[in-house]
Amino acid sequence: MRASDADRDATAERLATALAEGRLDLQEYERRLDAAMAAVHLGDLRALTADLPEPPPPPAPVEERPLVAAAGGEAASPWKEWVDEWRWWLGGAVIMTGIWGVTSIMGGALLPFWPLVPLGIWAAILVAAAIWPDENSGRRR
């Protein structure tokens, strides 16, 4: 059977792996690579890699896992993600309040508490996410 470009490329990859593993020296690799690129039949390609070990099988695809069971054997709480989002909110609140405080001190007077606006909007979104269903997963938070 005649060899395709994909067959020649696969053989070239296998030879490169053998070179990287120290199974071939550079001259032997170049000789075999030139022969692989000029190969017409699959048998020609097999002869170039016959003395090399078979490549390892490709890794199995990673499956998406369900929620991890908690210590008591119960499923993890669906509220965990929502609580994590509140932790992000709290981090943002600390940073914005710090910026407000530093700018107030540098200005010599208390500025209006501007972090109230973005934090209020963000909090309203988090509360709404707890009340209305999540349309992407079809479950309530």
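Select Gly-92 first. Beyond its neighbours within four places in sequence, Gly-92 is in contact with Leu-119 and Trp-122. This is a predicted model, so every contact on this tour is a predicted one.

Stay on Gly-92 for a moment. Gly-92 lies in helix H4. Is Gly-92 buried or exposed? Its relative accessible area is 14%, under the 20% cut-off, so Gly-92 counts as buried.

**Stop two: H4 and H5**

Colour residues 80-107, which form helix H4, and residues 116-131, which form helix H5. The two axes come within 11 Å. They cross at roughly 175 degrees. That angle is over 145 degrees, so H4 is roughly antiparallel to H5.

Next, show the side chains where these helices meet. On the H4 side, select Trp-82, Glu-85, Trp-86, Trp-88, Trp-89, Gly-92, Ala-93 and Met-96. On the H5 side, select Pro-118, Leu-119, Trp-122, Ala-123, Leu-126, Val-127 and Ala-130. Gly-92, Leu-119 and Trp-122 from the opening stop are among them.

**Stop three: the whole chain**

Zoom out. How many helices and strands does the protein chain have? There are five helices and zero strands. Along the sequence the pattern reads α-α-α-α-α.

The accessible surface comes to about 10,700 Å². Carbon and sulfur atoms account for 65% of that area. The chain has 141 residues, and 21% of them count as buried. Take the contacts between residues at least 6 apart in sequence: 52% of them join residues at least 24 apart.

**Stop four: H1 and H2**

Move to the start of the chain. Select helix H1 (5-21) and helix H2 (26-38). Their axes come within 9 Å and cross at roughly 175 degrees. H1 and H2 are therefore roughly antiparallel to each other.

Show the residues that meet here. H1 brings Arg-8, Thr-11, Ala-12, Leu-15, Ala-16 and Leu-19. H2 brings Leu-26, Tyr-29, Arg-32, Leu-33, Ala-36 and Met-37.

**Stop five: H1 and H3**

Which way does H3 run beside H1, parallel or antiparallel? The axes of H1 and H3 come within 10 Å and cross at roughly 5 degrees. That makes H1 roughly parallel to H3.

The meeting residues in H1 are Asp-7, Arg-8, Thr-11, Arg-14 and Leu-15. Those in H3 are Leu-42, Leu-45, Leu-48 and Thr-49.

Leu-42, Leu-45, Leu-48 and Thr-49 are buried. Turn the view to look down the axis of H3. The buried residues fall within an arc of 120 degrees, so they line one face of the helix. H1 and H2 are included in what covers them.

Click Leu-42. Setting aside residues up to four places away in sequence, Leu-42 touches Met-1, Arg-2, Ala-3 and Asp-7.

Select Arg-8, which is found in helix H1. Arg-8 counts as buried, at 14% relative accessibility. Not counting residues up to four places away, Arg-8 touches Ala-3, Ala-36, Met-37, Ala-39 and Leu-45.

Then go to Arg-14, also placed in helix H1. Arg-14 is buried, with a relative accessible area of 19%. With residues up to four places away left out, which residues does Arg-14 touch? Arg-14 touches Thr-49, Leu-52, Pro-53, Glu-54 and Pro-55.

**Last stop: the nonpolar core**

In soluble globular proteins, nonpolar side chains tend to be buried together. To see the largest nonpolar core here, select Ala-3, Leu-15, Ala-18, Leu-24, Tyr-29, Ala-36, Ala-39, Leu-42, Leu-45, Leu-48 and Leu-52. That is eleven residues in all. Which helix gives the most? H3 does, with three residues.

How values were computed:
Residues numbered from 1 in each chain as written. Predicted model: local features only at pLDDT ≥ 70, side-chain atom pairs only at ≥ 80, totals over all residues. Heavy atoms only, no water. Core = buried A, V, L, I, M, F, W, Y, C linked by side-chain atoms within 4.5 Å. Buried < 20%, exposed > 50% of the residue type's maximum accessible area, 1.4 Å probe, protein only. Helix = DSSP H or I, 4+ residues; strand = E, 2+ residues; numbered from the N terminus. Contact = heavy atoms within 4.5 Å. Areas by Shrake-Rupley, 256 points an atom, 1.4 Å probe, with all protein chains shown as cover. Arc of directions from axis to C-beta. Axes fitted to C-alpha atoms, helices over the stretch in contact; angles between N-to-C directions. Parallel < 35°, antiparallel > 145°, perpendicular 65-115°, else oblique.
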